[in-house]
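Dear colleague,

Please find the structure below, together with its sequence.

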Amino acid sequence: MGCGFVGWGTWLRLCMLMAHCMSVCHAFLPNFWSQVLTLSWNSYTHQYMTEQALLNVTMETLRMMPEQDFGSLQQADLGRGFWLAVSDVVRANADMDFGSSTREDPAYHFDSELVEEATQVVRGFWKQTILMAQEEHQEARRSLGRLLHTLQDFYSHSNWVEMGHRFEYLHVLHPREPAVPLASEDTPTCISCHRFSCYNNLLDKLVEGSPEPLLTTGYVNKYPAKPTGKCSHGGVLDSSRHQGAEGGINKDSTSPLFSPHHYLHKEAAELAATATLSVLRDLRDEVGHKSFLRLFSVQEAPPLVIVMDTTGSMFEEITAARLRVLSIIQARAKSHTPSLSGSFLLVPFHDPGVGPVQKTDDPEEFQQFLEDLIALGGGDEPEMCLSAIQLALIHSPPQSEIFVFTDASPKDIHLYDTVKALILEKQSKVTFLLTEDLDNEVRGRKILKRKRRQTLSPDRFTVYSTLSPDRFTLYSTLSADRFAVYSTLSPDRFTVYSTLSPDRFAVYSTLSPNRFTLYSTLSPDRFAVYSTLSPDRFAVYSTLSPDRFAVYSTLSPDRFALYSTLSPDRFTPYSSLASVSGGMTIFTTNKDIHKASAVVEDSTTSRKVTLFHVESEADSAFTFTVDRAVRTAMLQVSGNITQCVIISPTGAHQALLSTAGPLAELEQSEGLYRIFLLPPLQPGQWRLTVATQGPVTFSVLGESMLEFLYHFALEVNDTHPGLRRMQGSPVAGVPAFLVVAVIGMSRSDDVTFSHVTLLGTNGQSLQQVLLNSSSSIWSGEELVGRVDSVPRIPFSVRLSGKDGKGNDLERVSTETVQPTHVQILVRSAPPLWAGHRTAVFFEVFNHGPARHFTVTAEDDRHYLSETKSYRLSVAERGSVVGQVEVYPPPSTPAGQTVTLTLTVQTHDSSDSNYAVVSLIVLPEEQDRFPPVCSVMRVELACSSQCTLGNWSISLSARDRGHSGLASIQLSVGQGTLTLLHEDSTGRIKNSLVQFHEQTTQGHEEVTYLQQQSSTRPVHEADRLEKVRLVQGDAPLNIRAWAGGRAVMLHYTASCCVPQAELLVVDIAGNMRSCRLTASQQRALREKNHAPCGTAHALLTLVLWILVYLMS
């Protein structure tokens, strides 16, 4: 069809398509979102290929293990743990396109002819996966996701498919397999193509050369620079497509606008999917079938995680935990459901000791861990409880439930924000069982009579200073020969015992009259030693001061009164953490601890789902829904209630505290009420009315396979458009996307979910979010909805839908989302090497007025430098970049993980946020990786007259390997390159924050203050002279002060010279040429809002229309 008249029907159809795109532009997942933007609905995606391969190989493995009776399992039976594991792999895969350190690096995507480097990347990820697969499951899954992304990209970004191959390129992962020759840097690979669809634009030697074709991949954008005659990646998002040879060869989608070789997309996707299956099967063969299933938590029982205070007062609690764990293990053994045993984890603590972390998947070994606990010492408080919870959160799987037994307040309160961050990151639940001495009450509140060691008088030992220094002189007057008498004793003096008759007590007359003759043999001088003792040996006592006990009269008679008056609010940190996580705080007694510990058994049963969760401090009435998919249901109530009435869907009443009845059965212990709904379980809406004394927490648990997972996401309209999972808590008052995955739903289930309700902590509805379906292959359904404005108060998530008969379905996620006006993002998770320092960069975004912040860093291995707290001042809507340094000692074993938790807190409000990143210590091998440059910010002030303006770019240079940077040189460019670095104390010299002061609009006042031991800021006087380079300067040796760290760079030039090039070399001799251009603007920070992608969709539609009209 030419450019002539287009019928009204055609225009109407196009307008309807445009309207459809506008209506759904907020409603799909990253990969599906990309399909919307590219109008390529039938494209294969990274997510689809990865999920499908994981599901297929898992089911295949289950069928290969008949001895485990897994053969009857269906996709819906794989369990929550499996889909959480799949989510880890998929998220790591997607982050390769979104992460600031990976999205623009061609070595992670087989771009720009960096085939050998990308091959080393794939093999490196494989080694990491194998290294972590036995113990660090989550890190192994993340490494696997990164591996699969790069491997899948090979088939889309190279000319492998164009060569006619319909089999995998095994050499990528297996060095011993034959390699295909690569096109050299000076070998042309493509001819120009001036259409969206590029046919036959590869040169013959790249398709059917002799003896075999050369392998190439397309160049992307401006870095690294594309030589003339090379192929581009291509598509409307690739700026290099305009350089010769024009066009491109990528097969990412079925859309010609984004993929010039779209017609080979299916072939490339099938090869990528086959390669993904091969990697998973190789992994299974490497670690073993059972370990493979454990790696992906297939049909695992819920983890059992206990944090136990082991001080002397905890005997009853330890005993209760032992008995409860035994009951859980016995119940699981009797279950006929095929499953793996799940993980068991114990973290003991007291003061100052914490740990060790004892982890196993053997139930008997875990029982022995508990048997080995000894309640010893203590008698005072506080204890190191939060340190133990931190370790439990780090070493337990996501969405675990952690049970803490203690009777002491936390000594390590400085870890509160870190523990809270880990709870939110892992969506784990923490329940506290606190035992108290009920013999004492203060204002109606029960308190514990324990001692606080810090209040003892510092003068209590002064009595010793009044004792005479000569009080021991007596000992010097004793004769050195005072024991000589012993040498005169006859060696035969005990022989008399052998002459005693065994009948000597029968008749006294039979005793020998000579039985005492022994004494005549003793020396008459045996007591002479006493005459040598000085008669003045006791004189020392007369020198003791008669006032030496006077100090006791000065001690306050009230000095022990503290023991009975410990604050009843000292457990508030525990209650706050339990509330955030969706757990409970149960105040009970030693007498009732065994009954109260039943909460552990309730919450660690398989197929447990939450139907309702709310906190209240007043008399209340609640409703909750029990659907037909729920087999059993129970209520847990922590606190003190004086009246409780339950009403069934048919209107029947039962007063639970006073009478037995047909609806429910009550089990009560101090601090906990367990209410079991009796069979037959009535589906429908139940009602509960209660009268309370103090705060109360209600939870309704059901047994069902149907549940859901969720996360918040932000729209990314960059080189890889889509939805990226949000780091930390969402920003209040702005739009966001909510992604929901329904699991445990078989294909035969007639169930639909329509919306999500955001609930306040008291159960009130804050906002309803409508849901639309995506293209994922989850066991149930994956849904996405747009939150118009994230609430400004904490909330939880309730999923609602209906079954095939129109009955209501509801599931609740109990953790509390904490909206905020500040973000902290980790730019990358670099690998660690023993004995080498590594910098981890972060950025703080302020979504409120100009204000002050404190950033705190904590790690579980204590590998951070001494400086762990940073004070920042950030302008309104501004940001500040900082870094922390991690140093694993030389003795650190390979495979060890370091969990780094960063928290940011405002000084004038409760606004806070967090970032959690896991770092892996890798084995040290020969460094073959060249350095890498990462652009962080580009500023343009150019006009039509180039001499009147400048452009500048901020970037970092780091060594991807472990040897460290050696030199930097400005090889091309008429501007000035400024290097910035830190001194040995860790204080920033010529701080990167200067970049923001110089280049960020609206940043009128940005300072970076590092809190040293003296809490002194880094002033201008502390800074070293700036290091500047211009073209023609010799390479600058930076070995001495780079020290393995990243180097921050700032380049400024006239708009008349819009290009520059750096040469960066590492100590191993690997070199990288980094090209800088004025048009190198990147989407350097995550969007702080979720704008509609309508503009992008409209642009795509306009282009599509033009193609349609010209075809």
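**Disulfides in the predicted model**

In this predicted model, a disulfide joins Cys190 to Cys231, with an S to S distance of 1.8 Å. The torsion about their S-S bond is about 90°, so this disulfide is right-handed. Cys190 and Cys231 both lie in the loop between helix H6 (137-157) and helix H7 (265-287), so the pair ties together parts that are 41 residues apart in sequence. Cys190 has a relative accessible area of 8% and is buried; Cys231, at 1%, is buried as well.

As background, a disulfide is a covalent bond between the sulfur atoms of two cysteines. The structure holds 5 of them, and two further ones are described here.

Cys942 and Cys1055 form a disulfide in which the sulfur atoms are 1.8 Å apart. Its S-S torsion is about -85°, so the link is left-handed. Cys942 sits in the loop between strand E37 (931-940) and strand E38 (950-959), while Cys1055 sits in the loop between strand E45 (1047-1054) and strand E46 (1059-1066); the pair links distant parts of the chain, 113 residues apart. Cys942 is partly exposed at 39% relative accessibility, whereas Cys1055 is buried at 11%.

Another disulfide joins Cys946 to Cys1056 (S to S 1.9 Å). This link is right-handed, with 90° about the S-S bond. Cys946 is in the loop between E37 and E38 and Cys1056 in the loop between E45 and E46, 110 residues apart. Cys946 is partly exposed, with a relative accessible area of 29%, and Cys1056 is partly exposed, with 34%.

Yours sincerely

Terms used: Residues are numbered from 1 along each chain as its sequence is written. This is a predicted model: local features need pLDDT of at least 70, side-chain atom pairs count only at pLDDT 80 or more; totals for chains, interfaces and linings use all residues. Side-chain values use heavy atoms; hydrogens and water are left out. A disulfide is a pair of cysteine sulfur atoms within 2.5 Å. Helices (H or I, at least four residues) and strands (E, at least two) are DSSP runs, numbered from the N terminus. Buried means under 20% relative accessible area, exposed over 50%, partly exposed in between (1.4 Å probe, protein chains only).
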